[in-house]
Amino acid sequence: MKSTFTLILFLSFSLGFAQDKRPQKMEIVEVSCGQCQFGMQAKGCDLAVRIKGKSYFVDGTKIDEHGDAHAKDGFCSAVRKAEVIGEIKDNRFVVSYFNLLPIQE
């Protein structure tokens, strides 16, 4: 009985590690203020990404960590591009890497 329990526990533990261990790929997405530019509902100004036409608020970095959001080229005034790595969880984008790209003229 003890060996069966140990085997089940080992297999469950192993399968947990085997699931979704592939590296997340980097994507270039639109980023901006969710409320000011993407029309999302919330109080204040919050960073959001738009992926395949759908907008998600971001967890893992904040709008003010990337310059003045209300400047001419800030997130409340412009839609920018960024390289990101992350995943959508509970209808939010959880970022593990975020690199704001320069504005293309």
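Here is a walk through this predicted model, from its strands to its core and then to its charged pairs.

β1 pairs with β4 in the antiparallel sense, over five bridges. One spot to look for is Ile-28, which stands opposite Glu-83 in β4. β1 also pairs with β2, again in the antiparallel sense, this time over four bridges. Here you can pick out Val-31, whose bridge partner in β2 is Val-49.

Keep those two valines in mind as we turn to the core. In soluble globular proteins, nonpolar side chains tend to be buried together. The largest nonpolar core in this model has 17 residues. Val-31 and Val-49 are among the members that touch the most other members, along with Ile-63, Phe-75, Val-84, Phe-93 and Phe-98.

Leaving out residues up to four places away in sequence, Ile-63 touches Cys-33, Cys-45, Asp-46, Leu-47, Ala-69, Phe-75 and Cys-76. Phe-75 turns up in that list and is also one of the core members with the most touches to other members.

Now for the charged side chains. Side chains of opposite charge can pair when their charged atoms come close. How many salt bridges does the model have? The count comes to three.

Begin with Glu-30 and Arg-50, whose side chains meet in a salt bridge at 2.7 Å, N to O. This pair links distant parts of the chain, since Glu-30 is in strand β1 and Arg-50 is in strand β2, 20 residues apart. Are these two buried or partly exposed? Glu-30 is partly exposed, at 26% relative accessible area, and Arg-50 is partly exposed too, at 25%.

Next come Asp-59 and Arg-92, with a salt bridge of 2.8 Å, N to O. This pair also links distant parts of the chain: Asp-59 is in strand β3 and Arg-92 in strand β5, 33 residues apart. Asp-59 counts as partly exposed at 30% relative accessibility, and Arg-92 does as well at 31%.

That leaves Glu-87 and Lys-89. Their closest N and O atoms are 3.8 Å apart, and this counts as a salt bridge because the cut-off is within 4 Å. Glu-87 is partly exposed, with a relative accessible area of 30%, and Lys-89 is partly exposed at 46%.

Note on methods: Residues numbered from 1 in each chain as written. Predicted model: local features only at pLDDT ≥ 70, side-chain atom pairs only at ≥ 80, totals over all residues. Heavy atoms only, no water. Core = buried A, V, L, I, M, F, W, Y, C linked by side-chain atoms within 4.5 Å. Buried < 20%, exposed > 50% of the residue type's maximum accessible area, 1.4 Å probe, protein only. Contact = heavy atoms within 4.5 Å. Pairing = 2+ DSSP bridges. Helix = DSSP H or I, 4+ residues; strand = E, 2+ residues; numbered from the N terminus.
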